[in-house]
Every structure is written in C-alpha cells, then in structure tokens.
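This briefing is for a reader new to the structure. Please look at the sequence and the model first; the notes follow by topic.

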Amino acid sequence: MTDAMKLVVVGASGRMGQALIRIIHEAEGTVLHAAVERPGAAAIGRDAGEIAGLGPIGITVTDDPLAAFLAADGVIDFTAPAASVEFAALAAQARIVHVIGTTGCSPDDEAKFEAAGRHARVVKSGNMSLGVNLLSVLVKQAAKALDAAGWDIEVLEMHHKHKVDAPSGTALLLGDAAAAGRGIDLADHSVRVRDGHTGPREQGSIGFATLRGGSVVGDHSVVLAGEGELITLSHNALDRTIFARGALKAALWARDRKPGYYSMLDVLGLSSS
Ligand SMILES: NC(=O)C1=CN([C@@H]2O[C@H](COP(=O)(O)OP(=O)(O)OC[C@H]3O[C@@H](n4cnc5c(N)ncnc54)[C@H](OP(=O)(O)O)[C@@H]3O)[C@@H](O)[C@H]2O)C=CC1
Ligand SMILES: O=C(O)C1=N[C@H](C(=O)O)C[C@H](O)C1
C-alpha cells in the first residue's frame, strides 16, 4: 500500500487554506505535513488545526516554506500571484507536486509556472471544482455550434467582497473555453470593461462583467445571446470545500506523473473534450 501523501498548505490561515486543512484532515490517502504563512503573520507558531476550527492537530504554522517542502510530497497553494511564483521555484527545487489555485496571475507569472513544470509536477487551474471544469467543456461545445454572426458571448461572475482580482480566474477559464470553441485567441477578442459611450458591440468579441458583494463563494454564467433567444450556462459554488476537494484530487493524481504543467481538465480526463 502507498504511504499517505504528505501535503503542505501554504496560505494556511486564508479562506482556502483553512478549508484545505479541514479536508486533508478528514481525507484518506493524504496527511497534513506542514502549514505555511508569510513571515510576521499572526498565525505563525499557532496550531494549524486551531486556525481551521478543528482543535489542535500538532502541526505548528511555520514561515519556512523550503524546509517544509523538502520533506513533503506536495504543496497546495491558494495564495497570491507573487507568493505562488516564489513557491513554484521552491517546489521545483524540492521536485514535488505543486497544485496552484491562485488567480490574478500575469502572463509572466504563467511562464514561470510552466518553467517550474520542468522539475515539479504542477497542476494549475482557475477553478478546481468538477462542476466548473465540466461547464467549460459545455461552453466550448456551445461556442463551436453557434456562430459568431448570430450569437454573442458574455461571461458574468459574482464573488464575495474580499476578492482582489477581476475578472475571476474562472471567468477567464470559461472565456478561454468559449474562444477555443470559436477557434480564436481570447486575448485578441476579450472586452473586460465597458464604460461610457462604448459604441455597439463588436461581432465576435467575448465580454466580461464583474459583480462583488457579501459572502458569495463564486457564481458564474456564460450567456450566449442570439436574436430572440438566450442560452445561459451557469455554475454556483455553495461551499469552498468543492475547490479543496478538487485540489486534493489533483495532488493525488499528480503524485505518480512525470514533471510537467497540467490543468484540472487533465486531472479529470476531460482535456480532449
Ligand atoms: N482555483 C480555485 O479553485 C480557487 C482559487 N481561489 C484563489 O485562491 C487565492 C486565495 O483565495 P482566498 O483563500 O480566498 O484568499 P485569502 O486572502 O483568504 O488567503 C490567502 C492567504 O495566503 C497568504 N499569503 C499571501 N502571501 C503569502 C506568502 N508569501 N507566504 C505565505 N502565505 C501567503 C495570505 O496571507 P496575508 O493575508 O498575510 O496576505 C492569506 O492567508 C485567490 O487568488 C483566489 O482567487 C480561491 C478559491 C478557489
Ligand atoms: O477568490 C475566490 O473566492 C475564488 N476565486 C476563483 C476565481 O477567481 O475564479 C475560484 C472561485 O470562483 C472562488
């Protein structure tokens, strides 16, 4: 029997960090090896289980990621772009699995994650849930079936008031799926903001609209708007555990893979859809 996979959670006291600690604690096949926060954070020196609402589990939050990674099998990272770039270099050095859920990353950051995949097994996705990844397959099919002359595509998202990046990683993932269905590059066709006298909608563009407020975990809709009819494909996240469970699945899947840069579609066997 394989030993339980030893996982490090970085950003341990964040919303996702806490959800991950709880899920790892109850899951079979994984064990929490270490919990990391930035130097000076209030959580340093505290018990990770206490922070996540489990009671003490004997893992003290540390600010030394490299020491944690060197004796681990993988790291799960829902933090911030600059932190994830730093962790990618360390995970590559330690040659472990790096699951990245962080959103708002720049093209330069993405290039660094891909480069880290030469040594680490990197899985990155703007959304780790099964539902959103399946939705992206449906969006790609719909965008392919419905031509740009007759059908306009808009992506709408709403998140809690603490979210710092826009459009969400999921909205961009769904926009990418729509663009792939149309055989176009999202970067050349996306309209991320509208304000003032914008003129009429440009045919073939993919628009984004962002709402922020309250405690919304994550709502996404892709609207395909035709003459006289609308098709709406939606996903509503009701709980952060869907992202944490997906991240754990990704870590276990990547454990026996070659070094590389993978997506959640690879993990779920949906990449050829
Ligand atoms: N792909 C997916 O399925 C999902 C992705 N996300 C993404 O995950 C990220 C985190 O979301 P969320 O948990 O809500 O955010 P939080 O702000 O609640 O948590 C992020 C945590 O990471 C910590 N952190 C930042 N920099 C470092 C560092 N250098 N070293 C150690 N810890 C660090 C933060 O500490 P501090 O507060 O001190 O900065 C904080 O505790 C976002 O990008 C979000 O969009 C979220 C849910 C699902
Ligand atoms: O910040 C969040 O909370 C979430 N971020 C991800 C995103 O940017 O799409 C995933 C999920 O929607 C929650």
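Arg-38 touches Ile-44 and Asp-63, leaving aside residues up to four places away in sequence; contact here means heavy atoms within 4.5 Å. This is a predicted model, in which local features need pLDDT of at least 70 and side-chain atom pairs count only at pLDDT 80 or more, while totals for chains, interfaces and linings use all residues. Residues are numbered from 1 along each chain as its sequence is written, chains are lettered from A and ligands numbered from 1 in the order in which they are written, and side-chain values use heavy atoms, without hydrogens or water.

**Arg-38**
- Arg-38 sits in the loop between β2 (30–36) and α2 (48–51); helices (H or I, at least four residues) and strands (E, at least two) are DSSP runs, numbered from the N terminus.
- With a relative accessible area of 62%, Arg-38 is exposed, a term for values over 50% (1.4 Å probe, protein chains only).
- An unreviewed UniProt entry gives the feature "binding site" at Arg-38; such annotations may be inferred rather than shown by experiment.

**Ligand 2**
- The residues surrounding ligand 2 include Gly-126, Asn-127, Lys-163 and Phe-243, each with a heavy atom within 4 Å of the ligand.
- By class, this shell around ligand 2 holds two nonpolar, nine polar and one charged residues, with Gly counted as polar.
- Oxygen atoms of ligand 2 lie 2.6 Å from a polar side-chain atom of His-159 and 2.8 Å from one of His-160.
- The protein covers 85% of the 320 Å² of accessible area that ligand 2 has on its own, by the Shrake-Rupley method with a 1.4 Å probe.

Terms used
A polar contact is a pair of N or O atoms within 3.5 Å; within protein, one must be able to donate a hydrogen and the other to accept it, and residues adjacent in sequence count only if both atoms are side-chain atoms. Buried means under 20% relative accessible area, exposed over 50%, partly exposed in between (1.4 Å probe, protein chains only).
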